[in-house]
Amino acid sequence: VTHSIPACIGSMAINGKQLDNESPVSIFAVNKCYETVQDGTFFDGSGFAALVREGYKVRSDVNISLEFRTTAVHGALLGVSSAKVDAIGLEIVHGKVLFHVNNGAGRITATYEPRGTNSLCDGKWHKLQAYKSKHHISLIIDGNLVHTDNPYIQSTSADTNNPIYVGGYPADVKQNCLTSKSSFRGCLRNLVFTKGQHTELFDFSRAFDLRGVFPHSCPGAEH
């Protein structure tokens, strides 16, 4: 067995001597255990998850859905970019959710603005759906639809070829459709990309790079 165990381990003793796990000599990708946990992936606000190493091609159509829970009013949710300008991005800025798309001709944005700045950042689960169909884009948050006019109707395909970065991205990686430098702090679950008849549910434990991300559980409440 070469992979780690997704579990909590406590009260370990060797030859009757209790091990002190509060001050380890070294530590890597170990989080504290929580009294109450929920399914999902915990992002501690310092890093990101990187999926699809060979690059994800958004092209003309994609539907993205996920659920998030946070108490922070800023944070990058997801970005797929290219070396040029083509890209898509989802982020929380000042408590609003923004869905940016650039098909090559210019960035357009659908913005969901809740009634109160903190109403999406209340530590409860919220459902997000982002739709791109050629030059049309729309955003549905908890069943509320927002769509935006796109002046660049001739430009329909986002020719991306970079990985999907979730919850943030490395400092040396360009993201043409994210404005936030803040990594997401909170929990995500049920990240699904749908293209036509093909639906893909992403498992964060299979990410090729995880930093500050704990894929198997979310604390039941913010600590």
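**Figure 1. Overall size of the protein.** For 223 residues, a compact globule would have a radius of gyration near 17 Å, and the 19 Å found here agrees with that. Keep in mind that this is a predicted model. Along the principal axes, the C-alpha atoms take up a box of roughly 70 × 40 × 35 Å. There are 17 strands and zero helices to look for. Among contacts with a separation of 6 or more, 73% join residues 24 or more positions apart.

Figure 2. As for burial, 44% of the 223 residues count as buried.

**Figure 3. The largest nonpolar core.** Nonpolar side chains tend to be buried together in soluble globular proteins. Here the largest such core brings together 41 residues, and L78, L128, L139, I164, V166 and L191 have the most contacts inside it. Strand 5, residues 61–69, is the top contributor, with four residues. A second, separate core has seven residues, including A50, Y165, Y169 and L178.

**Figure 4. Zooming in on L128.** Which residues does L128 touch, once those up to four places away in sequence are set aside? Its partners include I64, S65, L66 and F68, along with L77, L90 and V97. L139, I140 and I141 are on the list too.

**Figure 5. L120, a loop residue.** L120 sits in the loop between strand 9 (107–112) and strand 10 (126–133). Is L120 buried or exposed? Its relative accessible area is 4%, so L120 counts as buried, the cut-off being under 20%. Beyond its neighbours within four places in sequence, L120 is in contact with residues including F68, T70, G95, Y112 and H126. V97 is another contact of L120; the two are 23 residues apart in sequence, with their C-alpha atoms 8.7 Å apart.

**Figure 6. Two loop residues with positive phi.** Most residues other than glycine have a negative phi. N15 has a positive one, near 50°, and is not a glycine. You'll find N15 in the loop between strand 1 (13–14) and strand 2 (17–18), and with 80% relative accessibility it counts as exposed. H94, also not a glycine, has a positive phi of about 50°. The loop holding H94 runs between strand 7 (87–93) and strand 8 (96–102). With a relative accessible area of 52%, H94 is exposed, since the cut-off for exposed is over 50%.

Methods. Residues are numbered from 1 along each chain as its sequence is written. Side-chain values use heavy atoms; hydrogens and water are left out. The radius of gyration is taken over C-alpha atoms; the globule rule is 2.2 Å times the number of residues to the power 0.38. Buried means under 20% relative accessible area, exposed over 50%, partly exposed in between (1.4 Å probe, protein chains only). Contact means heavy atoms within 4.5 Å. A nonpolar core is a set of buried Ala, Val, Leu, Ile, Met, Phe, Trp, Tyr and Cys residues joined through side-chain atoms within 4.5 Å.
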